[in-house]
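Biologist: Hello! I am new to this structure, so could you take me through one part of it slowly, namely the pockets and what lines them?

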Amino acid sequence: YSFCTLLGSVNMRLCVPCTPALSGSQNCIVVLINEHGQEISRCALPDSSEDELLFGAYCGSTSTVVVSGTRTGVVYLAKIEFDEIVFKTTIKKDELQQVQHPLGCCAPSNQDHIIVAGCNGIAVVNTKDNSITSQTCNEIQWPGVCDTSADGRYIVQTQWADASVWSLPFTRSHTAQGRYGTHIHIWDTQNISTKPISADLGLEGMSPLSIDFLKSGSTPSGYVGCCPSPTVFYFEVLGENDVRTTKVIDLPLTVRPAVAIHGSVAITFDDRFLLLSSWLGSEVRQYDIARRDSPLLVGRVDQLSYRPSCITSVGNYVFTTSSFLRAWESFSDPAVAAGPVRKLKIDPRQGGTPTSDTNFHFAISGMICATPILISQ
């Protein structure tokens, strides 16, 4: 609790990638904000698309923010310089070679590179000179997000969906057409050129969208949230060629119609709680994960005035965005607010039940905010 509280009191900075909510000539942007939701600085991402799926990561050793532009197939790099975010350069399609539709980004701790995952494999971006130091291609059909284990050795990439559905409103016919993936892929950075370990989650794990590693433990492990499947899986990397997956959350039939689409999972810094967002259900669920393979629902924030999608856990705070894909907004209720970043507080003394921070609100007119990126200070 003391560690969690300490992090919650730090003068935090967040970077928020934003994409236009409507068609037009406006570029995507990245905005640097403080813990109160106040804008500090912003920079534009040149030649970006209004249909971009934006995911990013931060490399603390070089103060570099890397944002993947999945639609245009490029990677954007910016620097944090004295509380100002400055665009630096773009890594283009031809430089990424066979790694197409870059989507996931993750930054191994205490290293100067960032991993970018896409179709066919991953690329390692050196943030000192903004170059690609290595990449590997293993014919991974569809890209997804990625995360790195606490020791930086393993990278897990999800297999989300066929890129052709990203620019379409969500429809259940896509599931029948087999346009969503069911696998996660585990890379060993000590032998990055080898084929990754793959685990099939089956139809119950259709379209694994988000992933988060636990920060402690002798075995690298974490949770995978699936969308549109209302399920969460626990995974353990048992060795160089072995991974075990277990379905640990399966929302009951009485709940599914309202929460059949959820956005992402996030684990608190003390590994005590798992957060699960429900995009259609307009709620955030809180699970006690003392027993890793048996999460216990201990709290929820429901009837929110927005649809929580992506989650970032920072100490005893949780930051959520209401969407990450412009085309999905046509599937949403126009009366529900779209685009802002909101803040929830977790109080471990009260069982961890999250509460809305009504004093925090960040939004930019005409923009949809993607997953906030924690900037270490």
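Modeller: Let me first sort the residue types: Ala, Val, Leu, Ile, Met, Phe, Trp, Tyr, Cys and Pro count as nonpolar, Asp, Glu, Lys and Arg as charged, and the others, Gly among them, as polar. What you see is a predicted model, where local features need pLDDT of at least 70, side-chain atom pairs count only at pLDDT 80 or more, and totals for chains, interfaces and linings use all residues. Residues are numbered from 1 along each chain as its sequence is written, and side-chain values use heavy atoms, with hydrogens and water left out.

Let us start with the second largest pocket, whose lining divides into 4 nonpolar, 3 polar and 3 charged residues. A pocket here is an open set of points on a 1 Å grid where a 1.4 Å probe fits, with protein on both sides within 12 Å along at least five of seven lines, and lining residues have an atom within 4 Å of a point. This pocket holds about 150 Å³ of space, the volume filled by probe spheres set on the points. Among the residues lining it are Ile186, Trp187, Asp188, Lys195, Pro196 and Glu240. Strand S14 (residues 183-188) gives the largest share of that lining, 3 residues; strands are DSSP runs (E, at least two residues), while helices are runs of H or I, at least four residues.

Now turn to the largest pocket, with about 1400 Å³ of space. Its lining has 50 residues, and Ala107, Asp147, Asp212, Phe269 and Leu374 lie nearest the centre. By type, that lining has 29 nonpolar, 18 polar and 3 charged residues. Several strands each supply at least two of its residues, including S4 (54-59), S12 (146-148), S20 (265-267) and S29 (373-375).

Of its 377 residues, 59% are buried, that is, under 20% relative accessible area with a 1.4 Å probe.

How confident is the predictor in the chain? The mean pLDDT (confidence in each residue, from 0 to 100) is 80, and 81% of the residues reach 70 or more.

Technical notes. Buried < 20%, exposed > 50% of the residue type's maximum accessible area, 1.4 Å probe, protein only. pLDDT = per-residue confidence, 0-100.
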